[in-house]
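Me: I would like to learn how to read a ligand site and a nonpolar core. Could we take them in that order?

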Amino acid sequence: MIKTLTILLALFLLPTLVFAQDKFAVETKDNSLIFSKRDDGRVFYAYYGLKNNIPESLAMLREVYPCAGGDFVGEPALRVVHSDGNTSTLLLYQSHEIQKVDDNITEMRIHMKDAHYPFYVTLIFKAYYRENLIAASTELINRGEEPVTVYNYASQSLPVRANAYHMTQFHGRFFYEAEMVEEKLTPGIKILDSKLGVRAHQMRSPFFLLAPNQPVQENQGEVYGATFAWSGSFQFAFEVGGSEETWNDLGITMGVNPFAAQFALEPNTPFRTPEMLTVYSAEGTCKMSRDYHAWGRKYGMRDGDKPRSVLLNNWEATYFAFDHDKLVSLFQGAKDAGFELFLLDDGWFGNKHPRNDDTAGLGDWDYNRAKLPHGIAGLCREAERIGIPFGIWVEPEMVNPQSELFETHPDWIIHQPHRPLHLQRNQLILDLTNPEVKEFVYNVTADLLRKNPYISFIKWDTNRYITNGGSSYLPPEKQSELVWRYHKALYEILDRTAKEFPHVRMMLCSGGPGRIDYKALSYFHEFWPSDNTYPLRRIFMQWSFSHFFPSIAQAAHITTRGDTSIKFAFDVAMSCRLGMDVDLENTSEEDFEFIKSAIAEYKNIRDVVQLGVLYRLISPYDSPRCALMYVNDDKSRAILFVYQMEDDESGEKRVALKGLNPDAVYRIREINTASPVIAEREMTGAALMRGDKTFPLSQRATSMLVELTKQ
Ligand code: GLA
């Protein structure tokens, strides 16, 4: 009774559209998602778009959760084999409820049941009002006596109806991650997927853009963005035409990859899919990204409202070749240059099998006594004395065969019997489905942090994907649940870590972006986009990732890679979370002074860069130059980045800025340079946004970093 009253009250208070009983909707600030129930009880999507543009008569676009085996002949969201062998499911509406979770979040649940079997499906749509984001997931419950086998269990199956469909994927491989490729979909199915299990995003990011009618545009036109909050294998199936009635419609089925991933759903055990996060924008991708950023900072990552430290990492400075004294001298250099954190990377552990390269030691998490005679505790003492916070690298899910861990527990790895060991980067993956292994993996970090409370930062790495995917812990009939169970265990470990050590900041790394999704990120503060730190390449990656993730989440480190100037490298990295991987002892005095002043400048602008609103101005994919800017909330400050990637003398080199107050006067100051190209001056927001100002760069790998301050 109380629950019913609450629902009624919530319904009354909600900014929900009032419809006839067979229609129900959730809303965000700009958009509506509307469903329609047919007389026979089947439920359809009726609309997803601007709430001020809803057509008078709504079509039945696509069944809300298409099931295999019945009259739906396209790619199914759900495929179940019931305990008597029936391969079809017919879901009918039972009820729905809309509840206000807080002043920003509304949750709609559509309860459905199979027409015959006690098999229940609840579709859950969580609408984040201010951020225009809808998180869709599905809960399955088998209330029969026997288990049923579930083969496909998408998180969402979204329809789009247009004359043409332009899909952008973010495709990659190690070192060349997240390249944007747009294509026009043709009839049939296009599948973007990963079957890699762990480090599943190495070759394909779990997000895409879909622009109806026209190719995607930055500041105008419709676009649907979608990203999957799940770190394992995924599948996005884009099917143009799925039946005679809908020969030109698009259905997008999104969720866990059904490939070899079936499971037995035991009676009365709810199963909830991961969330698919979509944002619709009628004003192009940049607005969509701003909505994702606002959501990500608030809900999708840890401490998204707290500026990040500038860090020095020793990886590309020393690789595995360091000792106590070398590290202590780096601490001092870091402190002198203005860094706020020192991160010790790979190579600090292993004794019987010392971790002196990537062939040995992974799994043996005791500090290496030869390199670090005073241990991690000794390093912490020195860091504390010098006054630089200290962080450390771990890769707890992995093991080298050359390790004491593997010698003691050869059965702890993911592997198929009767097959040769298949190594990647000389390593294997530990089988987290085994509770003993899960506890071990948790304690790798927990022990380190308990023993060394001075550690305030962890870089958590994962450097291979699954091959020979078998578990010696799971019984034969549960082998297909390996990836699912692995990630459930991983999330438990990460959750425990975040709870036991709430003050410790965490970097998500997977040899680059092999694990970049909003579920993983919910336990972390940032991610490492790529081992490729060439500034000219990073411009593209940062641009790509900025579609879904805010700059505060992207770690951008300067290394000695590439032939570009230190200024160019800094200008590129300063548009995200700044860090460096250099040996400061072997840095020229001139460079050291530049580093010092650039870090000081970054500290001055980082609130705008890390917490401001992004405007992408010129795409590196369309031109030999790139420009983007961040504006703070009250539009009193903005930071502009302009990069020239190739020699190009042509054109006037104007950049039309965005997001400023047209009536305000801004002082323009070029930073990170002793010889500014543009003299300091003042201009109105209106003139700057008209593109009255030129930013004259013409040579490859030159850049400008400009601060605009309202007078
Ligand atoms: C991966 C990471 C690097 C570094 C090395 C250490 O490649 O992406 O940043 O931590 O591992 O082995």
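Me: How many Å is a polar side-chain atom of Asp531 from an oxygen atom of the ligand?

Reply: The model is predicted. A pair of N or O atoms counts as a polar contact within 3.5 Å. Here a polar side-chain atom of Asp531 is 2.5 Å from a ligand oxygen.

Me: What share of the ligand's area does the protein bury?

Reply: The ligand taken alone exposes 310 Å², and the protein buries 98% of this area.

Me: Which residues come nearest to the ligand, and how is the shell made up by class?

Reply: There are 13 residues around the ligand, and Asp345, Asp346, Arg425, Lys459 and Asp531 come nearest. By class, the shell has 6 charged, 4 nonpolar and 3 polar residues.

Me: Now the core. Which residues have the most contacts inside the largest nonpolar core?

Reply: A nonpolar core joins buried residues through side-chain atoms within 4.5 Å. The largest one here has 189 residues, and Phe125, Phe339 and Trp348 have the most contacts inside it. Helix H12, residues 589-611, gives the largest share of this core, with 9 residues.

Me: What is Phe339 in contact with, beyond four places in sequence?

Reply: Its partners include Val310, Leu311 and Leu312, and also Met580, Leu584, Ile595 and Ile599. Ala334 and Ile388 are in contact with Phe339 as well.

Me: How many residues does the second, separate core have?

Reply: That core has 24 residues, among them Leu617, Met629, Ala664 and Tyr666.

Terms used
Residues are numbered from 1 along each chain as its sequence is written. This is a predicted model: local features need pLDDT of at least 70, side-chain atom pairs count only at pLDDT 80 or more; totals for chains, interfaces and linings use all residues. Side-chain values use heavy atoms; hydrogens and water are left out. Buried means under 20% relative accessible area, exposed over 50%, partly exposed in between (1.4 Å probe, protein chains only). Helices (H or I, at least four residues) and strands (E, at least two) are DSSP runs, numbered from the N terminus. Contact means heavy atoms within 4.5 Å. A residue is near a molecule or strand if one of its heavy atoms lies within 4 Å of it. A polar contact is a pair of N or O atoms within 3.5 Å; within protein, one must be able to donate a hydrogen and the other to accept it, and residues adjacent in sequence count only if both atoms are side-chain atoms. Accessible areas come from the Shrake-Rupley method with a 1.4 Å probe; for residues, only the protein chains shown count as cover. Ala, Val, Leu, Ile, Met, Phe, Trp, Tyr, Cys and Pro count as nonpolar, Asp, Glu, Lys and Arg as charged, and the others, Gly among them, as polar.
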